[in-house]
Amino acid sequence: MESRRATRGAPGATTASVVPGPAETAKRGRKSTGRNRTPSPPARKVSPARKASPARAKRTSPARKASPARKASPARKASPAKKASSGRKVGRPPKDASSSKVSPESKDKEELRRSARIKISEQRDKSPVLKRSLRDKQLSIILDDEEISKKGSPAKSTTPNTSQRSIETTTGRSRVTESRSVSVANDSQEFSDHEEIEFQSFRKDDNGLLRDKSYARRSASKQLHDLREFGGNWGVAAVLLLVPAFIFLTNHFCSGAAHRDCSFKIPANLDEFKTLSTYFNREIGLIFLFFTWGIALVSTLPVGKAVKIVDEVRGQQSYTFTGLSCAAFTGLAVFVAEYCYKYPLISSISKGYNQLLVISLVYALVTAGLAFFKSRYVSQVNWNPYAKTGHFLSDFFIGREINPLSFNTVNLKLVHYHISVILALLFNSIILYRNLHFPTLPTEEELSLLEKLTFTVKNLEFEATPVLAASLTIIYLLDLLAYEHHLTHSFDLQSEGFGALLLLRYAVFPFTLTLLPKYVAAHKLSDVPAWALALVALIALTGLVIKRSSNRLKHQYRLNPLGEKFIDLETLPTFQGRRLLVAKLWGRVRQPNYVGDILQNIALLPLLYWRFAWPPLLAVLFTVALLVQRAKRVNDRNAKKYNSAWQRYCSTVRYMLVPKVF
């Protein structure tokens, strides 16, 4: 008697189907599940490559024989559940948790049933002559199985069919759809311990592709080329020759009675360039030596603001900023020399201005050379990544160490920073002092200290233009010393190497900054109107506010990015775990602190309208060019460091220094 069941067809309609009998079930190759079935789509034609694959031959050829290695493998042993169900076709395993558990006895048996091929391959690994690569092992399995399978089906292909679905476990899943790729994958897993040794001549690139040693060398060379700055050795050589010569000429032609007009006029007699006294003076050399030693000594004292930070690469770092202490020590030393020992220190420094410049340049180059040779005794892990080119000139110029220490206590970078700033402060203080005309105190009657100060202030005379120029420069320098702890997260302290580049910049800074106030003091410029002086002061103070506010925000945010005051601060995340500021001034331009610095340096340029000279103008433009070039270096390094995050940041903050312009 036939039985009918309703099956689902099109929506809203039913059809009847006949339950297949035993003959029809055998013809279809599977048991009846008792469920309604939809009409199956027409069978897809099999490509010749799939017909010839070993996996398809395994399903179609009844006379297939397995290799001895596959017979001995644990996967070929039938489980008890499989033996019990040998009378029926293998389908989906029952969802029984107990059937998937493996007893300790079966684990021991699996350890004992190691494949003969694996044992042979392990012996080959131990032999230095017969050692084979992973690819040879995989191909040998495929070829051996091919030779055995040719007896039953001679038309099989030796190419493993990786399109078939592989089986994850050997006990709880069916192996009806198992392909040749399973044995290859299992064998590669057995030899994964030797993969690093056998493939040591290969490396992976950024895309995960394997490359050989030649590619690794080319990649390393390209990386070093990308990290190269200033055009390599040729660019560095040009900077080392041109910058000291330029600074010396601009200051030489604007110093002394012979060059009072401050213009580039080559004298008819060149004897001044042939004498040693033009470049060196022993008295000035001793003054500079005692000055540098005194700054280094005061820098060792724990008198100043201490800041501790945690760097991702160098770990915890601590800095003690003693700039104001060094400035106070220098002022005290000058006072003692002038008024206690009657030594004409101020006049000696004024007369030896050019010699002091030459000594500073030579000292910077010698110190850079000593720092380079000192870095040979430092682990290369701590080297500046931009000073690993292997070329002496480039590495000497950039600097191998970031923050070298002397006696593990004195930060040499901070010491030379103090030398540069305090020397500039000393020069401008001398200019200010010489343009202030103090009255002579009356000797008829004795006055108290307060009365002396009151009398001096009331009767004080001064030249307005030189005093303003020197005063604005002194304010600029005192701000650098008072807030030098903001350097903690700056490019100079955290990224710039201690090399000739940094030391030359520190050496020329006092002289390029002082040249314009010095020129104004030499010519007085008494015809400058008051509104022009007010404009100069406004530009300088605006730059000071911009620089200090942006540096303060950056410093406080880096110290405590999770503080309450920064909850609503707009930032942009990076893949390196840091966040880029896009709030306030940092959302207008990328380097607002450099903008303020540039404004302070160009603030005195309007004074040249009343008496123009090329050397002061070129000195100011040189300082501006250094700041712009440093801003571009910071931008390029951040682009390499943050990659796509920096591109998103640049699309948000489009301009580097000047909105709508640059």
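With which residue does Arg-633 form a salt bridge, and how far apart are the closest N and O atoms?

A: Happy to walk through it with you. Please keep in mind that this is a predicted model, and that the distances and areas below are computed from it.

The partner of Arg-633 is Glu-496, and the closest N and O atoms of this salt bridge are 2.9 Å apart. Arg-633 sits in helix α25 (residues 614–642), while Glu-496 belongs to the loop between α21 (491–494) and α22 (500–523), so the pair ties together parts that are 137 residues apart in sequence. Both Arg-633 and Glu-496 are buried.

Glu-496 has another partner to look at. A salt bridge also joins Glu-496 to Arg-505, with the closest N and O atoms 3.8 Å apart. Here, too, both residues, Glu-496 and Arg-505, are buried. If you widen the view, you will find a network of salt bridges that links Asp-492, Glu-496, Arg-505, Arg-630 and Arg-633.

For context, the structure holds nine salt bridges. Another one to display is that between Asp-395 and Arg-400, whose closest N and O atoms are 3.9 Å apart. Asp-395 and Arg-400 are both buried.

Back at helix α25, the view leads on to helix α26. Helix α25 is among the elements that cover the buried residues of α26, and this cover also includes β11 (571–573) and β12 (579–581). The buried residues of α26, which spans residues 644–652, are Ala-645, Trp-646, Tyr-649 and Cys-650. Seen down the axis of α26, these buried residues fall within an arc of 140°, so they line one face of the helix. On the face of α26 turned away from the buried side you will find the exposed residues Gln-647 and Ser-651.

Lys-584 is placed in the loop between β12 and α24 (592–602). Lys-584 has a positive phi of about 55°, although it is not a glycine. In general, most residues other than glycine have a negative phi. Lys-584 counts as exposed because its relative accessibility is 62%, where the cut-off for exposed is over 50%. Cys-262 is placed in the loop between α12 (232–252) and α13 (282–299). Cys-262 is buried, with a relative accessible area of 1%.

Now for the nonpolar interior. In soluble globular proteins, nonpolar side chains tend to be buried together. The largest nonpolar core of this model has 75 residues, and Leu-356, Leu-477 and Phe-509 touch the most other members. Helix α18 (residues 412–434) gives the most to this core, with 14 residues. To see the packing around Leu-477, leave aside its neighbours within four places in sequence: Leu-477 is then in contact with Val-421, Ala-424, Leu-425, Asn-428, Phe-509 and Leu-513. Apart from this core lies another, of 35 residues, among them Leu-468, Phe-491, Leu-525 and Leu-657.

Leu-332, Phe-335, Tyr-339, Tyr-433 and Phe-438 make a nonpolar surface patch of about 550 Å². Helix α14 (residues 323–340) gives the most to the patch, with three residues. Phe-335 is found in helix α14, and with a relative accessible area of 47%, Phe-335 is partly exposed.

Ser-348 lies in helix α15 (residues 345–351), and at 11% relative accessibility Ser-348 counts as buried. Beyond its neighbours within four places in sequence, Ser-348 is in contact with Glu-283, Ile-284, Ile-287 and Tyr-343. Ser-379, by contrast, counts as partly exposed at 41% relative accessibility. Ser-379 lies in the loop between α16 (353–374) and α17 (392–398). Its C-alpha atom is separated by 10.0 Å from that of Glu-401, a residue 22 places away along the chain.

How values were computed:
Residues numbered from 1 in each chain as written. Predicted model: local features only at pLDDT ≥ 70, side-chain atom pairs only at ≥ 80, totals over all residues. Heavy atoms only, no water. Patch = residues over 30% accessible without salt bridge, like charges linked within 9 Å, V, L, I, M, F, W, Y side chains within 5 Å. Areas by Shrake-Rupley, 256 points an atom, 1.4 Å probe, with all protein chains shown as cover. Salt bridge = Lys/Arg side-chain N within 4 Å of Asp/Glu carboxyl O. Helix = DSSP H or I, 4+ residues; strand = E, 2+ residues; numbered from the N terminus. Buried < 20%, exposed > 50% of the residue type's maximum accessible area, 1.4 Å probe, protein only. Contact = heavy atoms within 4.5 Å. Core = buried A, V, L, I, M, F, W, Y, C linked by side-chain atoms within 4.5 Å. Arc of directions from axis to C-beta.
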